[in-house]
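Here are my notes on the sheet and the salt bridges. Please read them alongside the coordinates.

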Amino acid sequence: MVYSHQYTFLTSFYQICDAENESDRVSPDEDPVKNKASGTKKNNNKDVENQGQEHEEESTKSGDRVKKKKKKKKTKTTSEDGQLNGAATENIDLLLENLELSNGVSLQSEDCGGSVRKSVLHVEHRNLNPETELKRYFGARAVLGDQRPRQRNRHFHRSTWITSPKESWPRFSRPGISMTLLESKNGVHYFTFEHNRDYQQAQFKFLDAVESMDPNNIVALLQLNPYHIDSLLQLSDVCRIQEDQEMARDLIERALYSFECAFHPLFSLTSGTSQLDYLRPENRAFYLALYKHMMFLEKRGCPRTALEYCKLILCLDPDSDPLCMLLLIDFLMLRSREYKPLLQLYQDWEEHRNLSQLPNFAFSCALCHFHLSQQDDVDPEESDKQRQQADQMLQSALIMFPGVLMPLLDLCTVQPDSTVSSHSFFGPKSQIGQPPALAELTALYVGRTYSLWKEAVVMLWLEESVKEVLRRVDAKDPLVEDCENKRKQRYQSAPRNIHRHVLLSEIKEATSTLPLEVTIQPVMGFDPLPPLDSVISYTRPERQHVGASNESTLSLFFRSLLPNFNLQGGLRQEDDMEVARVGQELNQEVNRLMVAMRDMLANIRFQEPPREDNPYRDEDEWD
């Protein structure tokens, strides 16, 4: 069974309209009013110049005193010219940014809801910089510190929006990545990254290093290619597992800088009209680098900046949403207290994206209305209206998704009332009877947002709504039966992008609910769960196995467990289908064993055994 039509993540995200009105725009050169004004301005400038020349001729006839005044006047005019040049430069930058924004809006302006999209998903350059948010919290002096005098001695680097190059980074040289414009259709530009021949060879070496299961091989590859993207992503995961968060974040920023230096001149981060197809492997690394950078920012305490990157990822491929940003954007909006934009997103996209079928939007929008009712600057009438809407939405969410309550209370360390825990609607039956996809979505939402429900005021509001829901259940409310039928018909299997999002989230409550066909296959950090219909531009050549001398002992041990292992020539071709099936099952078991061993090694803590001091003990005696 698959999702019903109301619960699909691959429906149209929004429609892009043609911008026919751009051809009606009049250029500055064709505007007769502007040309006339510029002509009068030029004449006035000529009159000023003539007056200046006459004044200079008069001043040359005077004595030394007038010459000194003339020198002072020249220095003053040069300083004024410098200020004018600086102002002109700032005006040019502002005009370019406004032109870029106007182009992005004009391509979506008419009956396609472009104004709504700009207000909700519009990305601003200044919000991509975490220093903007940190300055808002702590002030510019506390954030910048002594960075300003250091910038005077900085080497020249290309101006970028996502990350700023650091002095500790290796000298940048183009690694062999470029961006190409594939096509422009309905005002949307479709781009793709491309790898040249040298980068392809580095990519093949990287795949060999991954198969060796030795991070030192990746480090050696980065020494030769310091800006190889997949190596930076994979080594960042290794550093993060080893709790070196600073190095892990630095490697991600270096990868993003390499990507940004390869941008096409027409590629824009803010217009919303530049898209990248996730089906192409060259583009996936950019998605993953943005996602990992976003998560580092959220953990760093910059939820508003992380929200901006979430919107950016969503705009890169909004139709398919390959990383399922819709399961995360509500959490970041609540963290950054963007309550009204969240409600606007829910209101305008419910019709074509069915956001109410997702547990995260059902509960987050109710929580959003509750926070709006608690604000001090809201009049009592508006506060009561927001509170009534919050109560209604929370009760509907609890009736539709009863399996959220008990895990949420458990993570919030709240002991539920006996009438709640013993009731069949919220009891263990609600957990066991959930469809697989719904259990995955529920665990993901609870594991990610339980901290937002820990406030005492929020918990009291939740308690009141739970009591009202139980009253409606006992009264045989028809909505209860209707929601139960919907749960049975829908959520039988989740799309691949949801599984990919759960893997990237690393929320243990959600990863434990992944289906068997996902957990038995190896998951690579540089490309988790690649699409089944990928667009391959180049393929890896056949490897020539050179025996066990180039492999680690652990890798050789696991390969020796396979039934078709050959020490001299690698893998033998098996003709018998039964033997191939057994070998595949054994390979799956080996993958499970590797995951278990990795978890075990990560949790090992060595403790010294207690030793008793014995004064009569011989020093040469063994312990």
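This is a predicted model: local features need pLDDT of at least 70, side-chain atom pairs count only at pLDDT 80 or more; totals for chains, interfaces and linings use all residues.

1. The β1-β2 pair. β1 pairs with β2 (residues 188-195) in the antiparallel sense, over 8 bridges. Glu183 stands opposite Tyr190 in β2.

2. Salt-bridge count. The model holds 21 salt bridges. One of them joins Arg126 and Glu124, at 3.1 Å from N to O. Glu124 is partly exposed, with a relative accessible area of 29%.

3. Glu211 and Arg540. These two form a salt bridge, with the closest N and O atoms 3.0 Å apart. Glu211 sits in helix α7 (residues 197-211), Arg540 in the loop between α25 (516-519) and α26 (553-560). The pair therefore ties together parts that are 329 residues apart in sequence. Glu211 is partly exposed at 38% relative accessible area. Arg540 is also partly exposed, at 27%.

4. Arg387 and Glu464. Their side chains meet in a salt bridge (3.3 Å, N to O). Arg387 belongs to helix α16 (residues 380-400) and Glu464 to helix α21 (residues 456-474), so this pair links parts 77 residues apart in sequence. Arg387 is partly exposed at 25% relative accessibility. Glu464 counts as partly exposed at 49%.

Notes: Residues are numbered from 1 along each chain as its sequence is written. Side-chain values use heavy atoms; hydrogens and water are left out. Two strands pair if DSSP finds at least two bridges between them. Helices (H or I, at least four residues) and strands (E, at least two) are DSSP runs, numbered from the N terminus. A salt bridge is a side-chain nitrogen of Lys or Arg within 4 Å of a carboxyl oxygen of Asp or Glu. Buried means under 20% relative accessible area, exposed over 50%, partly exposed in between (1.4 Å probe, protein chains only).
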